[in-house]
Amino acid sequence: MPMNFLNPLAYLLAVGYGISFLFYLLSFTTSRDAMGRWGSCLLLVSTVLHLFFLVSFTWIHKRIPLAHVTEAMTLLAWFAATVYLILEWRLGEKAFGTFLMPIPFALQLIAALGLEMNRPVAPILRDVLFEVHAIAILLAYAAFALSFIASLMYVLLYREVTHKQWGMLYVRLPSLQFLSEFSLHAGLIGFGLITFGIVMGSWNGIRVWSSGWSLDSKILTTFGTWLVYGLFVLLYRLQGWRGRRNAYLSIFGFLWVLFSFLIVTNYLSGIHSF
Amino acid sequence: MHLICGSVQLADAPPDSGHTGIVTNGMPGIHIEHYVRAARSKDIDEILPLYVDNRIELYAVLAHEKHQDVWEQLTTQMLGRLHGEELLHQQTCVEHFFRRFVGLHSTIPGDTTVQFHIEEQVSQVAQWGGIGPVLARILREAIETAGEIHNNTHLSAGSATVADAIPEIIAKIMEQASSVLILGRNEYVLPIIESLAEAGFERLFFAHPDMGIAHELALNDALYSLTDAHIRLPIEWEQRHEMLAECDVVITMLTPEQISGTKEATPCITLREAQSHLDSRKNRPLVIVDCSSEGGESEANIDPGFYQQENVFIYTLSDLEKVVQQNIQRRRRTIPQAQKRIAKRAQICMQRLYGKDRYLFDGMIARSPVMHTVLELTRRAATSDANILIQGETGTGKELIARAIHRQSHRAEGSFVTINCGAIPEDLLESELFGHVKGSFTGAMSNKQGLLEQAHHGTLLLDEIGDMSLPLQVKLLRAIQEGEIRSVGSTEQRTIDVRIVASTHRDLEELIQEGTFREDLYYRLNVIRITVPPLRERREDILPLAEAFLRRFAAPRRSFGRPDQRTLRLQPEVERCLLAYEWPGNVRELENVIERAVALSFGGMIRIESLPSSLCQQPAQGQVTPEQLIQEAMDQQYSLRELEAQYIEQVLKASDWNHTLATQILGISRTTLWRKMNDYGISKE
């Protein structure tokens, strides 16, 4: 296999995300700005390399890496890292990185371990409509991940602020209002994307499966995700929920996404490969 | 040059700051002025007494290390003994000053107010002439160091006072809070208003059971951080609950007992009355801070119902104190980091003081405040690339300044070219400046590069610019404006990048009036103007300059087997003569006078006979001799006391109340002068 560099590159990327996470963590704990700069630089290099990885993959296999759960994971890892990097550049807020970086790191590591080239691929998975459906849902997951991280930070900071323990989080994190609004907007964007993704998926299903689409476990859990975030949006719109309760809902939503992505895909059979 | 510092720890009682910040150790009435005056002996160049962190510190720049005992005498005289304190020298001294300045030794590490106090005191000392180029430089470096440390470490991070902790906590909860309701009044109210105003709170509402106090608070103008942008309104006490709908922050300073007019002790805001207004906030966060001084711990100050509310955050005084404590501890932890930076900066500072740009005060002797400002302006002008006009009488050192500018600027690597526009005939000047090509006029045997071109990427000093002819002024203006020149007889345009420094002893504005100088060229050249004062306006510099010239001219004479000329000194009468003279030829004249005197002198002393006769005869022209004076006084039967008092006062007036100068004219010591001034009740008023 002449194009065998993809596997080592996948591991290298995991290492890149890992080390940049360590830099963010060091910057967070020791409050050294230089560490944060190293982290950002390394993350930028990693995402650029990752883009190269994805493009090469697409070039070699003549398809977007979406056919298997590990491929989707590496794509999701790249989405999360890139979206975060853009946000860091726009907002100048590095504290997020410390909390978010484990996600691309873990996703990329699992993806690298399970990545297999030359996997036979069903023809429907090369379809453009399918690709749009999958990418929309993956982007939604990335947005949910950001919302989750912001909510997690909110809950942690809320604890410090209300218990009056002025610790490291109090010093480092942005304000509660900022976190809450960030989580909210990420959630709203994610909800829009997942709605779009589901619509595209159902259209695709109707088109491909002559029997009409059957309810597999994946469809059910995804629908569950949609409901959770729908509630999130609804409560914000109608009840004016802000702050802690929203944060808990967002955390629950993302845990549900993880459950559906990792557990359901691997242990329950269905027509979705992820 | 030698730097030294010693300090005295004061008793706990904060000293009376009536003495412009500097206070004495059981010696009341000693002001900065006295320090500076006492130090103005020839061996202490600069002095800075500083009251900081409850200590008196005495920084001094000595001409030489061996003069340390002079300084020690002074400190003993001024401060009593410097007990148990080690003296700091050179770099350690600079480091110590930096540490004080940055606030490393203050009770609150990184306290930025220390910086302001020091700067204020320094400016006062400077008014009395205690600060010279060395200390001014150190202060500048200290300001830079402080900036670096505040930007790169967390030495000044977080709030250090209870009042500052309030906006800090609010910032962790809300992004943009702008309205605050202040209930009641106690000793925290003013610092809190100030810190809120500084943090960007624009609308401040005040309520108090006594409406008068609310009005008073709203109209208080004693706070410097309040601007017109701040809205301050007194609110009826009954309206306080309604304000909850609007304000994001409520600060209470009243305990239930303090609220008059209520039968039972109730907190100043109650959930029962506030509920409907709270609901209208739609879950926007609300911060309640209980600052009532006595009941910081008491839960009764705040209606317990508020604790159950969503998005209501409640803090008490002790919470704020905890934040402050934590911040101070965190600041303490960054001290080693700051130390390292300070050590590095102090080293750089020493290198600068002894290094390349030392000539700025080494080559130019400046003990007078006027000259310090000139040198400071020079230093700053050098860093820019603007054209500079140096004005000053002949012999004041205009070219030295121009050279200093060149060497300090980024053009230092380029060449420094000077030309005296008054000394060269007009047509020759043109070809000198712009160059010429072979055969362009009779005698142009070859191509010649002009000075403007030679100074490419460098500096061109146009000396006596006022003597330049009008047509040439036009050409020069064009060259400056376009950045291009054309040699005489050539058709080729060449681009030049030259900084022009022009100097003149004439008043260019007057020349413009007369029509002999072009106004547009004047504005081109006069981007920055440095006016070098004549020597008579900086008499403090006369003797140091004379001594410097003495050293310079005396040195080569040793080789002729004469007595050791390094001990050459000025006779007191000579000093008096030099000080009294008008110096129309300025420093250059002084230089020549000293050179002549050295050549004519015998033994280790410059005597009055060695000076040119014109210099000393000046007072004698049509003047009375002491005998004549006394003759007149004899008729009036004046007492010796009256005469002496009159004479001292006149001399002081004539020397513009410069005591050093006066003592030199009178031929008495400073202490004697001081005593006599006190005796006769002579003072500046």
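What percentage of the 274 residues in chain A do buried residues make up? The figure is 53%, where buried means under 20% relative accessible area, exposed means over 50%, and partly exposed covers what lies in between (1.4 Å probe, protein chains only). This is a predicted model, in which local features need pLDDT of at least 70 and side-chain atom pairs count only at pLDDT 80 or more, while totals for chains, interfaces and linings use all residues. Residues are numbered from 1 along each chain as its sequence is written, chains are lettered from A and ligands numbered from 1 in the order in which they are written, and side-chain values use heavy atoms, with hydrogens and water left out.

Chain A has 10 helices and 0 strands; helices here are DSSP runs of H or I with at least four residues, strands are runs of E with at least two, and both are numbered from the N terminus. Read from the N terminus, then, the elements simply go α-α-α-α-α-α-α-α-α-α. Of the contacts in chain A with a separation of 6 or more, 80% are accounted for by residues 24 or more positions apart, a contact being heavy atoms within 4.5 Å.

Now to the interface. Here 24 residues of chain A are in contact with 21 residues of chain B. The area buried between the two chains is about 2000 Å², with carbon and sulfur atoms giving 47% of that; buried area is the accessible area (1.4 Å probe) that two parts lose on being put together, summed over both. A:Lys164, A:Trp166 and A:Tyr170 stand out, supplying 35% of the area that chain A buries against chain B, more than any other three residues. On the chain A side, the elements that give two or more residues are α6 (128-163), α7 (168-172), α8 (176-208) and α10 (244-267). The largest share, 5 residues, comes from α6(A). By type, the chain A side divides into 12 nonpolar, 7 polar and 5 charged residues, with Ala, Val, Leu, Ile, Met, Phe, Trp, Tyr, Cys and Pro taken as nonpolar, Asp, Glu, Lys and Arg as charged, and the others, Gly among them, as polar.

What is the count of salt bridges between chain A and chain B? It is 0, a salt bridge being a side-chain nitrogen of Lys or Arg within 4 Å of a carboxyl oxygen of Asp or Glu.

A:Leu169 sits in helix α7 of chain A and is buried, at 16% relative accessible area. Leaving aside residues up to four places away in sequence, A:Leu169 touches A:Phe28, A:Phe99, A:Leu156, A:Leu157 and A:Glu160. Its C-alpha atom is separated by 8.5 Å from that of A:Met153, 16 residues apart along the chain.

Over all chains, the whole structure holds 22 salt bridges. In one of them, B:Arg345 meets B:Glu148 at 2.7 Å, N to O. This pair links distant parts of the chain, 197 residues apart, with B:Arg345 in helix α11 (residues 335-354) and B:Glu148 in helix α5 (residues 133-152) of chain B. B:Arg345 counts as buried, at 13% relative accessibility.

B:Arg494 and B:Glu453 also form a salt bridge, at 3.0 Å, N to O. B:Arg494 lies in strand β17 (residues 493-495) and B:Glu453 in helix α16 (residues 451-454) of chain B, so the pair ties together parts 41 residues apart in sequence. B:Arg494 is partly exposed at 26% relative accessibility, whereas B:Glu453 is buried at 14%.

Finally, helix α6 (residues 162-173) of chain B has 12 residues, which at 1.5 Å a residue should span 16 Å; the end C-alpha atoms are 17 Å apart, which agrees. The expected span is 1.5 Å times one less than the number of residues. α6(B) is mostly covered, with 10 of its 12 residues buried, including B:Ile166, B:Ile169 and B:Ile170.
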